[in-house]
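Visitor: I am new to this structure and would like to learn how to read it one feature at a time. Could we look at it together?

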Amino acid sequence: MSVYQLSEKKVLNYCSITTAAGKANFSVRANTIDTAYSKGIYIFANNESYEMRALSSSSLTTGHIKIPYSKSTTIKVVPIIQVYGNTASYDIQASDQAFTQTVSSPKPAKPTIYVTKLSKSTVGIGWNGVEDATGYKIYRGSKLVKTVGSKTRHFTYKKKKAYKYKYTVCAYVKEGSATAYGTKAKSKKPASNYAKFGGSIGIDNHSYMTCDYVVKKITASGNTYYVTGYAVNNRIFKAKKYKKLKITIYCNGKKVAKKTYRNKKINVKPERAKKIKLKIKGKSNQDLKYYNVRISVSEKTVW
């Protein structure tokens with residue numbers, strides 16, 4: 001029986017390994033001259049078999065494997081080659097053509113944070129999730145104030161004059177007895193607590209005989225909500241008042257404030273829009289900056 005020597009059949013002509021947080025990315029291309037002999041690749045991490053991949057004959061074969069944050073990992077890409085005997089063919093590992101590289105994972109990703117002044121003594125701190133995070137550490141200045149789990153994305157912090165401090169968050173990944181800490185997000189001072197809306201206040205050329213109340217902004221402090229909107233009069237007659245104006249505010253899918261106004265004077269000229277400000281009491285310390293905010297409005301107009 002005769003077989004081809006492995007050195008006669010080069011399987012790979014390109015192999016690259018790069019890293020991202022918690023993973024090693026590989027890109028492999030088969031030798032186009034010898035695609036008939038190129039069956040696939042084995043991926044090893046620290047000499048332990050991770051997975052097998054078939055090789056594409058016309059493009060890059062790409063993928064990634066998980067690697068630890070707390071220690072380096074040796075990645076080995078071993079080609080699988082088909083050799084022929086007198087009566088059969090065999091798939092074997094071409095170990096003499098293996099590509100080996102030792103890599104280390106970057107730190108866990110840095111979260112994007114949102115810090116909101118909910119009141120003088122209450123601050124809302126929110127952030128986006130970080131892949132693989134075991135949890136998050138929340139800091140006031142350099143002082144750790146709270147450690148939370150991987151599913152938490154928002155923390156309400158209470159302290160006298162809390163609005164005067166800067167806050168930050170960092171992710172961490174726990175691997176056995178080792179812990180890898182990410183870079184802290186850039187510290188931020190609390191911003192105003194508001195939500196903006198994009199409704200049009202243009203006159204609708206009498207297509208609708210209405211005087212809609214269009215909300216443009218809601219600002220909150222404690223349990224008070226300040227609503228800024230426009231009464232948009234689409235008619236050729238003066239809008240004297242809202243016989244009934246009902247406002248309901250939702251934050252993070254929950255009703256947080258509502259009020260019904262009776263016989264509220266507006267006095268909007270024909271085909272004009274007029275700014276109308278409202279004040280509504282509701283649930284305190286709702287973070288309008290971080291969470292999704294929705295508003296429901298219904299009105300009945302007297303002309």
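Visitor: How many bridges join strand β1 and strand β2, and in which sense do they pair?

Guide: In this predicted model, β1, which covers residues 12–20, and β2, which covers residues 23–30, pair in the antiparallel sense over eight bridges.

Visitor: Which residues touch the most other members of the largest nonpolar core?

Guide: That core has 26 residues, and Tyr-213, Ile-218, Ile-247 and Ile-249 are the ones that touch the most other members. Two or more residues come from each of β17, β18, β19, β20, β21 and β22, with β19 giving the largest share, six residues. Beyond its neighbours within four places in sequence, Ile-247 is in contact with residues including Tyr-213, Tyr-261, Leu-278, Ile-280, Ile-295 and Val-297. There is also a second, separate core of 19 residues, and among them are Val-28, Ala-30, Leu-55 and Ile-67.

Visitor: How many disulfides does a search of the whole structure find?

Guide: A disulfide is a covalent bond between the sulfur atoms of two cysteines. The search finds zero of them in the whole structure.

Visitor: Are Cys-170 and Cys-251 buried or exposed?

Guide: Cys-170 counts as buried because its relative accessibility is 2%, and Cys-251 is likewise buried, with a relative accessible area of 2%; the cut-off for buried is under 20%.

Technical notes. Residues numbered from 1 in each chain as written. Predicted model: local features only at pLDDT ≥ 70, side-chain atom pairs only at ≥ 80, totals over all residues. Heavy atoms only, no water. Core = buried A, V, L, I, M, F, W, Y, C linked by side-chain atoms within 4.5 Å. Buried < 20%, exposed > 50% of the residue type's maximum accessible area, 1.4 Å probe, protein only. Helix = DSSP H or I, 4+ residues; strand = E, 2+ residues; numbered from the N terminus. Contact = heavy atoms within 4.5 Å. Disulfide = S-S within 2.5 Å. Pairing = 2+ DSSP bridges.
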